[in-house]
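Dear colleague,

Please find the structure below, handed over for your files. My notes on what was found in it follow directly after.

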Amino acid sequence: MAKITMREAISQALMEEMDRDPAVFIIGEEVGVWGGTYAVTKGFYDKYGSDRIKDTPIAENAIIGAAIGAAMVGQRPIAELMTINFAFSAMDYIVNQAAKLRYMFGGQFMLPLVIRAVGGGGRQLGATHSQTPDAIFAHFPGLKVVSPGTPEDAKGLLKSAIRSNDPILFIEHATMYQVRGDVPEGEYLIPIGKSKVQRPGKDLTIITYCKGLELSMKAAEELAKEGIEAEIIDLRTLRPLDMGPVLESFKKTNRAIVVEEGWKSYGVGSEIVSRIYEEAFDYVDAPIIRVAQKEVPLPYNRTLEQAALPQVHDIIDAAKEVLK
Amino acid sequence: MKKEQLLDLYYQMVLIRRVEERGAELYQAGKIGGFMHLYIGQEAVSTGLIAAREPRDRVITAYRDHGVALNCGIAANEVMAELLGKSTGMSKGKGGSMHMASTEKNMWGGHAIVGGHLPVAAGLALGDQYAKNDNITICMFGDGATNIGYFHEALNLAKTWGLRVLWVCENNQYGMGTAVERASAVPEIRQKAEGYGMKNGQVDGMDVVKVYEAASEAMNFIRKEGQPYFLEIDTYRFRGHSMGDPERYRKAEEVKKWQENDPIGIFNKYLLDKKVTTRKALDEIETRVEEEVAKAVEFAESSPEPTMEDLYADIYADN
Ligand SMILES: Cc1ncc(C[n+]2csc(CCOP(=O)(O)OP(=O)(O)O)c2C)c(N)n1
Ligand SMILES: [Mg+2]
């Protein structure tokens, strides 16, 4: 095991897959000469050159559209959206093209395409640059949505995504690139569409992913000091959603909270709670609580922004509430 | 231009420079957060442009907006307060560096989605056309923004419908780290306007007088003909794209060469060479600006933070 950062994990996954398969190339804004806005592809331009590390104009529709086309004829592009907020500038290509072309043409096309996008708030970037709109993308059949919360998962899942034959949106969090974690030595893959128990516990189940995992782990430590053992399930993939470990845990604890950074209404939590009520209603001992972002566009002011984002203490409060 | 107006332009350019220099310090000190894009080096562009407008003419720009805000007459106090996220900022601390606007000053915002404000600019002009007035909308954007679809849709619409927009491309040679020729099919941005049959021009953006003259001419045309006009203004940003840019994409010599063309230095020399004023008078402007900026910082630092109630205010106009 080696301890590396999230940034290194993602960078390693990209490099290993580029070395392994010449069909893999990277296309996006500032991925080359600049080295990636978040320095994930630092050094790539010198190593692979401009054929495989393609700096694009500021043109999100063209980036995703061209990646789709190249994927359809057998290449394996990794398109980088500088931030997920710019996915809205490419929404037609993600929703109407990537998610539908295969189905609509009777399975004739294959779209081995990865869209990497950085999301998340907490950096005072204002309302248009701080969103966590993951749930929206998970709404569309035909698109897979992956969002890891540890370096180990990030590396293994990204490698699987690059080898997958389907369009996959891979969502990273802007405040997590320095997060460190153990990563296995050598090559490994983590399957897409599998939730995972990240912390065992018996008193309540916390269902979360990505940034929510980081916050939930901290909350669980605090709760443990008071004798409360939370079991944390990391979804890792939002679509296809793996409810197995969630239900297994819930049938044991009978109490749950869902933690996500995005807005509460119509969010990931809404889906998880519905699924628990649909599939494990007899096991429900307390109303399930959703911890999520306040229903406001994120403000620039630091105090207000932090107040709008879910915090560790919100998770602790919610955990105690469901245990009442 | 009369002497008073020329001196006022000089004052505005120095004000932008000093506000941003102080802003950069406050950013380093952790008092300003988020993204902050400095306008240093480009001051002559918005100063010359906005001097050519009538107060009823509208201005809209991208996130590099501190200079534009000041030129439109938003007080340095408010600009500084917004940078610090205080409730006394024009956007009440919710917008920050990239989102300065004042309807009262006819400044319709800094906008952070590249190219996103161009169709909106067409819409401002559409609203005015619908109201049957001849107001002009000045829409500023970078070279990089001319590669996104929004740009092309907006220009086409403006020409097709005869909207009174002055499209202003601030060509500072780079969009983030990407040089114009690496991202644009044509090296001269104004060639894109040709494609839409739009009257266009090009001017040196380091010379505020030239910018003013080109903008005045363009606005006369727009007002009279009821047609858009495209102005490409060549300039350069002396600092990084935003705070913390490693600047691996350009050489120090190149930056230095442009810095020798400092728009404030050029204008200073012009005012003295043409005997418009004396060195002493220009020094007095400098001193006045220093005092104004010091007061603005004091104002911003002593202003209140927005409250938790403010967090939920202004999500909707109706409740
Ligand atoms: C739709 C969209 N894509 C990408 C970005 C990220 N971004 C912000 S500024 C910028 C460069 C813009 O360059 P240019 O238009 O030349 O303006 P300049 O910064 O040089 O003033 C980029 C890529 C964004 N804000 N919006
Ligand atoms: Mg530029």
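A residue is called buried here when its relative accessible area is under 20%, exposed when it is over 50%, and partly exposed in between, with a 1.4 Å probe and the protein chains only. The model is a predicted one, in which local features need pLDDT of at least 70 and side-chain atom pairs count only at pLDDT 80 or more, while totals for chains, interfaces and linings use all residues. Residues are numbered from 1 along each chain as its sequence is written, chains are lettered from A and ligands numbered from 1 in the order in which they are written, and side-chain values use heavy atoms, with hydrogens and water left out.

The site of ligand 1

Which chains contribute to the surroundings of ligand 1? Residues from chains A and B surround it, so the site is shared between chains. There are 22 residues around ligand 1 (a residue is near if one of its heavy atoms lies within 4 Å), and the closest are Glu60(A), Tyr63(B), Arg64(B), Ala112(B) and Gly144(B). By class, the shell divides into 11 nonpolar, seven polar and four charged residues. In this count Ala, Val, Leu, Ile, Met, Phe, Trp, Tyr, Cys and Pro are nonpolar, Asp, Glu, Lys and Arg are charged, and the others, Gly among them, are polar.

Several polar contacts reach the ligand; the term stands for a pair of N or O atoms within 3.5 Å, and within protein one must be able to donate a hydrogen and the other to accept it, with residues adjacent in sequence counting only if both atoms are side-chain atoms. A polar side-chain atom of Glu60(A) is 2.6 Å from a nitrogen atom of ligand 1. A backbone N or O atom of Ala112(B) lies 2.8 Å from a nitrogen atom of the ligand, and a polar backbone atom of Gly144(B) is 2.8 Å from an oxygen atom of ligand 1. Taken alone, ligand 1 exposes 580 Å², of which the protein buries 95% (Shrake-Rupley method, 1.4 Å probe; for residues, only the protein chains shown count as cover).

Buried residues elsewhere

Met98(B) lies in the loop between helix 4 (76-83) and strand 2 (107-111) of chain B; helices (H or I, at least four residues) and strands (E, at least two) are DSSP runs, numbered from the N terminus. Met98(B) is buried, with a relative accessible area of 3%. Beyond its neighbours within four places in sequence, its contacts (heavy atoms within 4.5 Å) include Leu125(A) and His129(A) as well as Tyr63(B) and Ala112(B). Phe35(B), 63 residues away along the chain, has its C-alpha atom 7.4 Å from that of Met98(B).

Thr47(B) belongs to helix 2 (residues 43-51) of chain B and is buried at 1% relative accessibility. A polar atom of its side chain lies 2.6 Å from the backbone oxygen of Glu43(B). In chain A, Ser11(A) sits in helix 1 (residues 6-20) and is buried at 16%. The side chain of Ser11(A) reaches the backbone oxygen of Val40(A) at 3.0 Å.

Backbone geometry

The peptide bond from Arg239(A) to Pro240(A) is cis, with omega near 0°, and Pro240(A) lies in the loop between strand 12 (237-239) and helix 9 (244-253) of chain A. Tyr266(A) has a phi near 60°, a positive value in a residue other than glycine; at 78% relative accessibility, Tyr266(A) is exposed. Lys92(B), also not a glycine, has a positive phi of about 60° and is partly exposed at 46%.

With kind regards
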